[in-house]
Amino acid sequence: MTAAIAADIDLNHSTERAKVSTVLTPNFYTTDYAAIDRMDVEPIRAEWDKLMAEFEADANSDHFDRDEGFGKAVTDLPPALKAEFIEFLISSCTSEFSGCVLYAELKRRAKNPDMRDVFGYMARDESRHANFLNQSLKDFGLGVDLNLLKRVKKYKYFAPKFIMYATYLSEKIGYARYIKIFRHLEKHPERRFHPIFKWFEKWCNDEYRHGEAFALLMHAHPELLRGRNLLWIRFFLLAVYATMYVRDHTRPELYDAFGMDITKYDYEVFEITSACAAQIFPFSLDIDNPAFRAGFERLRLLGIANEKARERGGVVSALKRVGYGIAAAATFARLYTLPVVRHAKPAQVRMAPAW
Ligand SMILES: [Fe+2]
Ligand SMILES: [Fe+2]
């Protein structure tokens, strides 16, 4: 087999992985584009224009250029760490590209100049992020075929308000995840096993800014933040946190290489995300409640049991998996009914990234 054919197979393999849609893998979304295009920013015009000026200034325009440190770092990673790191790169690249596709489509269909601007800027940033990650995958002889992925990945329809809650949270949690890793490796540079982590600080400011755009949009449409919609907000907070918790715990080698405790890291990320989300949501999940933490542990253990049954295969395992699914849904429902921490709305929506 020639090297070219081998590289082709590997490329297909990582694209295959990126194509898989499960509860935990990054998904692609469609929505009611016209409804989002009708969103009016007049109630927050001054703040909106300030944010658009920041996007326009494009502080990270030359940040995503690689230096000579890339390409060298990949050969001598221990195999288990290498496997998890590649998984991390594929999943991050897919998730960045998912944002890019959604924002680009919103921009393409927009007639409202405000929506055309904001989604254009955000698609620009996410495309840079996805390509930057993809270049690191290519150092491993891998890479996600982004054009193919765009065509073949299954899309989920999300109503506009769900797009607001889910993308807002994923931008803010993305910021929190990257800044926590960056700050940790700043203190422990000997643990930085790949140069990409040096890029996380400025990178996560893009994600933070994307989150600010959604915060302003929701603020301009206060009906999204009251009444029955609060039940949806609670659902999305829990779903986003739980997905991250279960998925991060499937990467023990990666966090071990960082010298980080996964559970501690995840709760620190939740803490930052909750502090950010207080700008717009009138409550946070009570992440310090022992029942909350026990529920998350149960979800994690059910996830492991489910994965083991999936690997074993057969009828008995299939039945067991149904049982684990029911138990996970019941655990999620219990977590959903735990009391939340309520807080007053701050005088000003916008917040500086202070972590
Ligand atoms: Fe991004
Ligand atoms: Fe983003």
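**Exercise 1. Overall size**

Which radius of gyration would a compact globule of 355 residues have, and what does the chain have?

*Solution.* The model is a predicted one. Step 1: for 355 residues, the value for a compact globule is near 20 Å. Step 2: the radius of gyration of the chain is 20 Å, so the two agree. Step 3: along the principal axes, the C-alpha atoms fill a box of roughly 60 × 45 × 40 Å. Step 4: 34% of the 355 residues count as buried.

**Exercise 2. Elements and contacts**

State how many helices and strands the chain has, and find what share of its contacts joins residues at least 24 apart.

*Solution.* Step 1: the count is 13 helices and 4 strands. Step 2: take the contacts between residues at least 6 apart in sequence; 81% of these join residues at least 24 apart.

**Exercise 3. The nonpolar core**

Identify the residues that touch the most other members of the largest nonpolar core, and the helix that supplies the largest share of this core.

*Solution.* Step 1: the core holds 71 residues, and C93, M164, L216 and M218 touch the most other members. Step 2: several helices each supply at least two residues of the core, including α4 (79-109), α7 (160-187) and α8 (200-220). Step 3: the largest share, 12 residues, comes from α7. Step 4: take M218 and leave aside its neighbours within four places in sequence; M218 is then in contact with M164, Y168, L224, L225 and I280.

**Exercise 4. Helix α12**

Compare the span of α12 with the expected span, then list its buried residues.

*Solution.* Step 1: α12 (residues 290-312) has 23 residues, and the span expected at 1.5 Å a residue is 33 Å. Step 2: from first C-alpha to last, α12 reaches 33 Å, close to the expected value. Step 3: the buried residues of α12 are G295, F296, L302, G303 and N306. Step 4: these buried residues pack against α9 and α13 (314-337). Step 5: after α12 comes G313, whose phi is positive, near 70 degrees.

Definitions and conventions:
Residues are numbered from 1 along each chain as its sequence is written. Chains are lettered from A and ligands numbered from 1 in the order in which they are written. This is a predicted model: local features need pLDDT of at least 70, side-chain atom pairs count only at pLDDT 80 or more; totals for chains, interfaces and linings use all residues. The radius of gyration is taken over C-alpha atoms; the globule rule is 2.2 Å times the number of residues to the power 0.38. A residue is buried if 20 or more other C-beta atoms lie within 10 Å of its own, exposed if 12 or fewer, and partly exposed in between; C-beta atoms are placed from the backbone. Two residues are in contact if their C-beta atoms, placed from the backbone, lie within 7 Å. A nonpolar core is a set of buried Ala, Val, Leu, Ile, Met, Phe, Trp, Tyr and Cys residues joined through C-beta atoms within 7 Å. The expected span of a helix is 1.5 Å times one less than its number of residues.
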